[in-house]
Amino acid sequence: MSEPLIRIEGLRKSFGALVVTDDVSLDVAPGELHALIGPNGAGKTTLIHQIAGTLQPNAGRILIGGVDLSGASPAARARAGLARTFQITSIIPTLDVLGNVALAAQARSPRALRLFGRAATDEALNAQARAAIAAVGLSARAGAPAGMLSHGEKRVLEIAMALAMEPKAILLDEPMAGVGREESARIVELLLGLKGRYAMLLVEHDMEAVFSLADRISVLVYGSVIATGTPDAIRVDPAVRAAYLGDEAA
Amino acid sequence: MSAEATSAPAAAARARSRLALSTTAPLVMLALFALLPLLAIATGQTHWLSLINRIVILGIAALSLDLILGVGGLVSFGHAAFIGLGAYTAGVMVDAGRGDLLLVVPAALLVSAVFAALTGAVSLRTKGVAFIMITLAFGQMAFFFSQALYAYGGDDGLTLPERSTVAGFPILANKVTFFYVSLGFLVAAYLLVRAVAGSRFGRALQGARDNPVRVGSFGFDVFRIRLGAYVISGMLAGLSGVLLANQAEFVSPAYMAWQRSGELIFMIIIGGLGSLWGAVLGAAAFLLLEEALSGFSEHWKLGFGVLIVLFVLFTRGGLADLARRLTGGRA
């Protein structure tokens, strides 16, 4: 069996007496789309923060591509091959779409911080960026300032930035947050197209999307994983139904 | 597909027109600077020469601040310290008989770089108001240190026995030559800052201004990027200090008073943050206004304040943006 690209072992985080991550272990295999679901307040966001490196756990380990990166900075994790999208859209509004994505590609390139030569006309980076932009279907907007995009376009731009980093694994933090039905369907389509090529950990509230996309689903309740399994297994898991899904999802 | 086909030439045309303005405006400014001394001499108004020269010299300092503040979003309130460091390096070296420009400039760049690296390593750990206060504090430390240099005049400053030589030749003693040498340094500084701002490094710096978390999430070390920019910026400000000391043939702690740092910020706001050539335009506007208003009334600073408030309120992007709109470019 191949080594998982994201591996979390015995992660624990508490704020005072409140335990928000309670001995969480999970892994994402190469090419697998692993979804993380759970009711509001289950600790999904805190868990994502710990994986991305913006919050430090009290105990446990986080391995990316087999390398222990517990305690490493978000930038170090990115360099180790972990890309992410943000729950609250996070782009560089003053650069155009191409510039945003090229900057993501730049971070992985040799001489990422060269002082001379115009970055905007750097063909090596632009070609990489254009490929990522085309992959998410945003080519027509490549020259637009990123700040002028619609909310849905910005969500897709986030994914293009992640792809341009040529990552081993991608954290998708609610990629459909705040988008309409139509655009949501477009993002599901896009993620389906990426499936199998990257290890992806997806946090999402849209259950329809999660069940159509995920290879495996982990259910987080009160900081612990109460079940991990295929969508079909999770759908009928009695503990999950009791804690979270309710009867209407049956 | 069709949308891409139609938008690509339009985008290219926009990029061309932006590029055209961003090269034309600095060239027009350069031509003006190059001609003004000749005009001053032809009309016998040679006292203007020293004012224009000050504009050029402080233009270098404003330009250097624009790299970290305009492009990098780092509000340094202690930038005059670098001018002072450069000026004192020149003053002390000329005083010691080692005042050749070929020695003074590298020495001043080194001193400024070291000061920038040390103070930046501390101040860049903070952000927002804390960063402003720490840079201000370091600036004041440099100010008080220079006041304590009793061997070099302490509070009263130090009069230079002569100007720096260049490879042994006293060519800077001539006001016109000195002006053109200063202008040469400004052009070199402008080309350097412009290249850096447009480079991969500059794009990461600009990205970190707008969204440091995102830029960090790509794998960039935002702190290191900012420190690099801070050092480059400090060195250029130090260079302007060398020229300022030579032009005035005098150095004093007043060069690094915090008010001077504030004036540099004014200059680049007037000029248009991040526009680079606007910083030089801002320095010109600031010093010309100062000259005009101080001749008008001794309470000129009051009128100056009013003008700056009006200016900031009514021209968002500064003089650079105003020029762009007047020439029909995109705002």
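Two strands pair if DSSP finds at least two bridges between them. In this predicted model, local features need pLDDT of at least 70, side-chain atom pairs count only at pLDDT 80 or more, and totals for chains, interfaces and linings use all residues. Residues are numbered from 1 along each chain as its sequence is written, while chains are lettered from A and ligands numbered from 1 in the order in which they are written. Helices (H or I, at least four residues) and strands (E, at least two) are DSSP runs, numbered from the N terminus.

**The sheet of chain A**
- Four strands form an open sheet in the order S2-S1-S4-S5 (chain A), with antiparallel pairing.
- Its edge strands, S2 (18-28) and S5 (67-68) of chain A, each pair on one side only.
- Two bridges join S4(A) (residues 59-64) to S5(A).
- Leu63(A) has Asp68(A) in S5(A) as its bridge partner.

**The contact between chains**
- Chain B gives 26 residues and chain A gives 31; residues are in contact if their C-beta atoms, placed from the backbone, lie within 7 Å.
- On the side of chain B, H7(B) gives the most, with eight residues.
- That side of chain B divides into 10 nonpolar, 10 polar and six charged residues. Ala, Val, Leu, Ile, Met, Phe, Trp, Tyr, Cys and Pro count as nonpolar, Asp, Glu, Lys and Arg as charged, and the others, Gly among them, as polar.

**Two helices of chain B**
- Ile269(B), Ile270(B) and Gly271(B) in H10(B) meet Gly318(B), Leu319(B) and Ala320(B) in H13(B).
- The residues of this contact are four nonpolar, two polar and no charged.
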